[in-house]
Amino acid sequence: MYRFEDFLEIIKLYSEVYFKFENFQKNKDNIFIPKTGDQKTGIIGEALIFEYLSRQNETGLHFGTHSEKGWDIESSKYRYQVKTVSAFSKTKILSPIHKGWNYLYLIQLNVNFLPERVLKIENPSNWNKDIIKGMKFPKEGSKIVNIGGNICPIIDETLILQKILNIKIT
């Protein structure tokens, strides 16, 4: 049986890790992780894609500001929006998707917060909405997704990202 004191100990441990994560984010030497943002699942996804793009020699990479809704990462050629869900999400509903990106990355993290699915979608550019709300992470084996009224192919980059970033999922 759990005691309330056990709960308080978990909160203490969580706060210690959260504090370390915040300090890591704010460190001026870290260019591969957004400087702000308290949704750590999203920060992890953005950092994974930033490093992935960097190792593929994408140039001019930088993060958007917290007020930039249409993209999270910009390069000299493209804008990327990143949406991340974890294994702990019951609904797998993504945060709102706004116009303004060339490529959308959808990332599903496992219970260890490592990328078990990484999907890439090219912007169809002829949306019928400015924002998409309530979209769920595509089911395993899905080959298409509806983006703003357009059926778009899904490109599964899971194995490529895991290989490039040397991430082993067991």
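Trainee: In this predicted model, how should I read the accessibility of Tyr52: is Tyr52 buried or exposed?

Mentor: A residue is called buried when its relative accessible area is under 20%. Tyr52 has a relative accessibility of 1%, so Tyr52 counts as buried, and Tyr105, at 1% as well, also counts as buried.

Trainee: Which kind of aromatic pair do Tyr80 and Tyr105 form?

Mentor: For Tyr80 and Tyr105 the planes are 35° apart and the centres are separated by 6.1 Å, which makes the pair tilted. Because Tyr80 belongs to strand β3 (residues 79-86) and Tyr105 to strand β5, this pair ties together parts that lie 25 residues apart in sequence. Tyr80 itself is buried, its relative accessible area being 2%.

Trainee: How many aromatic pairs does the rule give in total?

Mentor: The count comes to eight aromatic pairs. One of them joins Tyr52 and Tyr105 edge-to-face, with 6.2 Å from centre to centre and 90° between the planes. Here the partners come from distant parts of the chain, since Tyr52 sits in helix α2 (residues 40-55) and Tyr105 in strand β5 (residues 103-109), 53 residues apart.

Trainee: Which residues form one aromatic cluster?

Mentor: The cluster is made up of Tyr52, Tyr78, Tyr80, Tyr103 and Tyr105.

Trainee: And which residue lies over the face of Tyr103?

Mentor: Lys120 does, at 4.4 Å from the ring centre of Tyr103. Elsewhere, Lys40 is placed over the face of Tyr18, at 4.8 Å from the ring centre.

Technical notes
Residues numbered from 1 in each chain as written. Predicted model: local features only at pLDDT ≥ 70, side-chain atom pairs only at ≥ 80, totals over all residues. Heavy atoms only, no water. Phe/Tyr/Trp six-rings, centres within 6.5 Å; stacked < 30°, edge-to-face > 60°. Helix = DSSP H or I, 4+ residues; strand = E, 2+ residues; numbered from the N terminus. Buried < 20%, exposed > 50% of the residue type's maximum accessible area, 1.4 Å probe, protein only. Lys NZ or Arg CZ within 6 Å of the ring centre and 35° of its normal.
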